Amino acid sequence: MKTQVKVVVIGGGIAGCSTLYHLTQEGWTDVMLLERDELTSGTTWHSAAQVTNFGMNQTMVGLKSHSIALYKELADDPDYPINYHHGDGGIRLANTQAQMDGYRHFASMARGMDVHFEILDAEECARRHPLISTENLVGGLWDPLDGDIDPAQLCQALARRARKAGAEVHRHTPVTALRQLKDDTWIVSTPKGEVHADIVVNACGYRVNEVGAMMGVHHPVMSMEHQYFITEEIPAIREAGHRMPLIRCPISDFYSRQEKFGLLVGFYEQGCRTWGMDGIDPHFVNDLCPDDLDRITDVLEGAFARMPALTEVGIKSVVNGPITYSIDGAPLVGPIPGKRNAFCIIGLRAGLGEGGGHGWLLAQQIVHGEACYDTWPLDPRRFTGHGNVELCALKAIEEYQNEFRFEFPHEHRPAGRPIKTTPLTPVLAAEGAHFTVVNGWERADYFMPTPEFEEEHGFRRSNVEDVIAEEIAAVHGAVGLAEVNGFTRYEITGADAEAFLDRMVCGRVPRRAGRVGLTYLLNHHGMIKAEATLARLPDSTRGQGRIWYGAAAAAEQHDMDWLQAHVGAGEDLQIRCLTNDMTILIVAGPKARAVMQAVSREDWSAEAFPWLSVREAFVGIAPAVVMAVSFSGELAYEIHVLNNQLYAAYSALRAAGKEHGMRLFGARAVESMRLEKDFLHWKSDLLTEFDPIETGLGRFVNWQKDDFVGRAALEARRDTGPVKRRVLMEVLCADRVAHGGASLMQDGKVVGTVTSGAWGHRTGMNLAIAFVSPEALDAPMAVDLIGDEIPVRVLDKSPFDPEMTRLRG
């Protein structure tokens, strides 16, 4: 065994084998895999091993397409073929029109990745799968490439190819300790000796947190017991003359696929059970949990009703084994938060079907710093420290119980809530707030007109739009007040703070105290990495030489890792996180200045405090930092207040706003207003797949600077011209809005993808932001919204106050 390698991958299931193989494909062959027992001896060996192309976003669809292509190539390898039932087809069933709308949206999204799903009615579902009943069935989504694969053969094939490329695989070699050196490399201890690795990868399945503990981290991953059984032979399957398609049923929480001439049937029962919360027996290897068919009685009855043939056949074997879930059900693939040279590929509840793509994207991140897709939907840093064991258990149970039921737009399920709140959370709840969740924070989404109000979730125009319209009307006509909690906020100080930030951003750092600027950070490929509001605070008794860095709530861990990774040796620089200490109150609307004047002794005139200014002030009796910035396009002030004085500031503003008709407003109103202004949202419209020029942010690039991160790559991209162009569009219909992933069509071809959309209540426009092929902009386009191609009109400027006179006051 080598004593020094570039990468050590820990874990020999699909995650580890795929990562190892793909590292060699990216050109790194000095890599090693360590497995505590035999390859595939964890969850992988008992996987139902279904391989679908269906995903909840384009990144997931892309990685699954890669998995399918790779597995087909492995299956066809004449030297080492593996068993892969490719292209049996699969149906996701639905018993409501809202579910069918969702399937139509996912079909539109998949078209942008050159994946083609088909929408079926109930009769066609039964024709393609003659064992199912059409009772209480509306239709389904057909995936023509659905299939299943042999788990052990797949992993052995990947390991074999990795070895041939130069990688090492060591079985029966458990990792007993991990120690990080001052240069951020790692010492990996095993019973066979130590390995000095530049990079380590945690691919440990249900033992993820045993290895995490060696690094001093906890991963928000929980294991669930999962049962399936295999039936005896069913004569109708043998007589059919073709393999049965796979079935996934959100109506009765089961799935099935053909196994020889019987069926493998798996269940997601409501009375499910977590596994391993109090530790895992070290001897649990190639092992299973005790059968417990009584637990699945409720879902089994539904499966019998949908597939009556199951009532006439015996059971050959039962499997009950642990599978892993992350805190939101999606995998955690990427950098480990707060650690250097450490990555993970964990929480893969559908690991066999997706693992080829997960390892592909992770290998790209390790070798190149980024992958070909924006990997934020998989990024482990999308969660912060709130992902504790108890919360993970609650969310894993919820995800398990809803395995085949996708979340509708703006739907947030209740398990594990609330986990992050401010002193205003109960106050706003008493005012009728309906809350959304942002990085665990409970944030007011809108304010219900009555306690009995319930939003109709779906992909069509919602009954909540009238509520949002009233909130916006108050902001536009008078003044509104909103809480923005969880906003990422760092205080950066030190003699080298300005030079450091000047190197990190592609634009300008505010030079004068009391000024604010919007800036963008690029990765080394010249693509957008982060968006930050930089505010140079005036010196005062509260501090000297302070620059505040503000970003989206979800960016808290992501941006901190990026900044700290670029601090040079010997630089005089301190970065202090204030995210959990402070909350923002937003006062917005034409009467916002009058409200501020009533609660503070400062001069809030446009001359004394113009747009993009920052100052310290008292709001009532509460000390605050106030910025003249706006995400709504209205005159607005961001008031940053310590949480222990938040209620005092809120009370003063509410009292002062009463005579001006102040109304509370929520995040959905902000989303509507920012689209009317063509303002962008991080990880909706600001993606690592596009550079600032393609994104329409060329004015924020200061080419006069000698250097900034990503400059050389961006200069090369500028010279070759844009691959895509970001556009703001009006969608020419009134009964539905565009959602991220919807495909833009022209002459039957996909020419772009929507990144966000909402109804613009001040303009009366149905708006969407999209990235489009430049050559397509010269001809009419349409957007595929839940199965219909709706014409769009590209707008050449913001439809609301394009001169920005209102926000300047």
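# Briefing on helix packing, a pocket and backbone features

The crossing of helices α15 and α16 is right-handed. The structure is a predicted model.

**Helices α15 and α16**

- Helix α15 spans residues 592–599 and helix α16 spans residues 646–657; the two pack at an angle of about 120°, and their axes lie 9 Å apart.
- Angles of 65 to 115 degrees count as roughly perpendicular and those over 145 as roughly antiparallel, so α15 and α16 are classed as oblique to each other.
- On the α15 side the contact is made by V595, M596, A598 and V599, and on the α16 side by A652, L653, A656 and G657.
- Seven residues of this contact of α15 with α16 are nonpolar and one is polar, with no charged residues.

**Helices α1 and α5**

- Helix α1 (residues 14–25) packs with helix α5 (residues 151–165) at an angle of about 30°, the axes being 8 Å apart.
- Because angles under 35 degrees count as roughly parallel, α1 and α5 are described as roughly parallel to each other.
- The crossing of α1 and α5 is left-handed.
- Helix α1 contributes I14, C17, S18, L20, Y21 and T24 to the contact, while α5 contributes L154, C155, L158, R161, A162 and A165.
- By class, the contact of α1 with α5 has nine nonpolar residues, two polar and one charged.

**Helices α2 and α9**

- The axes of helix α2 (residues 58–75) and helix α9 cross at roughly 105° and come within 7 Å.
- The two helices, α2 and α9, are therefore roughly perpendicular to each other.
- From α2 the contact draws on T59, M60, G62, L63, K64, H66, S67, L70 and Y71.
- From α9 it draws on L352, G353, E354, G355, G356, G357, H358, W360 and L361.
- The residues of the contact of α2 with α9 comprise seven nonpolar, nine polar and two charged.

**The second largest pocket**

- The volume of the second largest pocket is about 680 Å³.
- Its lining consists of 30 residues, and P335, F343, R381, W562 and A565 are those nearest the centre of the pocket.
- At least two lining residues come from each of β20 (342–346), α9 (351–368) and α14 (556–565).
- Helix α14 gives the most to the lining of this pocket, with five residues.
- Divided by class, the lining of the second largest pocket holds 13 polar, nine charged and eight nonpolar residues.

**Backbone features**

- Most residues other than glycine have a negative phi, and most peptide bonds are trans.
- The peptide bond that joins R417 and P418 is cis, with omega of about -5°.
- P418 lies in the loop between α10 (389–401) and α11 (425–430).
- N439 is not a glycine, although its phi is positive, at about 50°.
- The loop that holds N439 runs between β21 (433–438) and β22 (441–447).

Methods:
Residues are numbered from 1 along each chain as its sequence is written. This is a predicted model: local features need pLDDT of at least 70, side-chain atom pairs count only at pLDDT 80 or more; totals for chains, interfaces and linings use all residues. Side-chain values use heavy atoms; hydrogens and water are left out. On a 1 Å grid over the protein atoms alone, a cavity is a set of points where a 1.4 Å probe fits but cannot get out, and a pocket is an open set with protein on both sides within 12 Å along at least five of seven lines; lining residues have an atom within 4 Å of a point. Grid points are joined across faces, edges and corners, and a volume is the space filled by probe spheres set on the points. Helices (H or I, at least four residues) and strands (E, at least two) are DSSP runs, numbered from the N terminus. Ala, Val, Leu, Ile, Met, Phe, Trp, Tyr, Cys and Pro count as nonpolar, Asp, Glu, Lys and Arg as charged, and the others, Gly among them, as polar. Axes are lines fitted to C-alpha atoms, for helices over the stretch in contact, and angles run from 0 to 180 degrees between N-to-C directions. A crossing is left-handed if the near helix is turned anticlockwise from the far one by less than a right angle, and right-handed if clockwise. Contact means heavy atoms within 4.5 Å.
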